Structures are given as C-alpha cells and as structure tokens.
Amino acid sequence: MDRERAFRIIRTPLVTEKTYLMIEKENKLAFIVDRDASKGDIKSAVEVLFDVKVERVNVLNTPVGRKAYVKLSPEYRAVDVVSKLGLV
C-alpha cells in the first residue's frame with residue numbers, strides 16, 4: 001500500500017481520556033477512518049504510516065464516523081507512536 005492511499009484511509013487520530021488509557025494500558029491506538037475501509041486496509045495503512053506491526057483491528061460505526069481501535073504487537077509501544085504524532 002502506498003502512503004497516499006494510507007492517508008486517505010486513516011483520517012485522524014482519536015484523542016480522548018478513554019483512548020489515552022487504552023494507549024497506556026492496552027497498547028492500542030484509535031483513529032477515525034474512511035467508511036469504506038476494511039480491517040485489512042486499516043491494518044496495512046497503520047503499518048505503512050507508523051512503521052509498526054499491528055496485532056488486531058476492531059471497528060465501530062458511529063454517527064460521527066467509523067472508529068478503528070488498533071492493537072499493536074508487543075514489541076511496539078503505542079505511547080511512542082502518539083509521542084511522534086505530538087499528541088502527548
């Protein structure tokens with residue numbers, strides 16, 4: 001997957017109190033993603049954009065958009081990714 005397509009799939013990081021707890025305790029990241037993106041698309045996009053290995057993806061359709069909760073493999077830390085994004 002190329003970076004341009006990955007940027008179309010991953011719209012924006014989701015930053016709330018709940019997601020900060022998920023980052024610290026569960027090694028998960030949260031994003032608002034394209035409504036047409038599959039779990040496989042989301043996994044590939046996160047791996048390309050943030051140079052990490054994704055263990056699993058869960059999605060949730062909401063009125064504000066589609067949310068993706070991405071669990072990283074144990075050798076990668078969600079805190080490091082969020083730090084690179086400047087969210088912490």
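1. Helices, as the term is used here, are DSSP runs of H or I with at least four residues, numbered from the N terminus. On that basis, Phe50 has its place in helix 3. The model under discussion is predicted, and the points below should be read accordingly.

2. Is Phe50 buried or exposed? A residue counts as buried under 20% relative accessible area. Phe50 has a relative accessible area of 16%, and it is therefore buried. Not counting residues up to four places away in sequence, Phe50 touches Phe31, Val81 and Leu85. Met22 lies 28 residues from Phe50 along the chain, and the C-alpha atoms of the two are separated by 18 Å.

3. Helix 3 (39-50) comprises 12 residues, and the distance from its first C-alpha to its last is 16 Å, close to the 16 Å expected at 1.5 Å a residue. The buried residues in helix 3 are Ile42, Ala45, Val46, Leu49 and Phe50. These residues are on the same side of helix 3 because they cover an arc of only 95° around the axis. An α-helix has 3.6 residues a turn, so residues three or four places apart point the same way.

4. Which elements cover the buried residues of helix 3? The cover includes helix 1, helix 4 and strands 1, 2, 3 and 4.

5. The largest nonpolar core has 22 residues. Those with the most contacts inside this core are Ile10, Leu29, Phe31, Ile42, Val46, Val70 and Leu72. At least two core residues are supplied by each of helix 1 (3-9), strand 2 (28-33), helix 3, strand 3 (54-62), strand 4 (65-72) and helix 4 (78-85). Helix 3 gives the most, with five residues. A second core, separate and made of five residues, includes Leu14, Met22, Ile32 and Tyr69. In soluble globular proteins, nonpolar side chains tend to be buried together.

6. Phe31 deserves a separate comment. Leaving aside residues up to four places away in sequence, Phe31 touches Ile10, Thr12, Pro13, Leu14, Val46, Phe50, Arg66, Lys67, Ala68 and Val70. Among these partners, Ile10, Val46 and Val70 are also listed with Phe31 as having the most contacts inside the largest core.

7. Two strand pairs can be described in detail. Strand 1 and strand 2 pair in the antiparallel sense over three bridges, and Ile10 stands opposite Val33 in strand 2. Strand 3 and strand 4 pair in the antiparallel sense over eight bridges, with Val54 opposite Leu72 in strand 4. Strand 3 and strand 4 also form a hairpin, with two residues between them.

Methods. Residues numbered from 1 in each chain as written. Predicted model: local features only at pLDDT ≥ 70, side-chain atom pairs only at ≥ 80, totals over all residues. Heavy atoms only, no water. Core = buried A, V, L, I, M, F, W, Y, C linked by side-chain atoms within 4.5 Å. Buried < 20%, exposed > 50% of the residue type's maximum accessible area, 1.4 Å probe, protein only. Contact = heavy atoms within 4.5 Å. Expected span 1.5 Å × (residues − 1). Arc of directions from axis to C-beta. Pairing = 2+ DSSP bridges.
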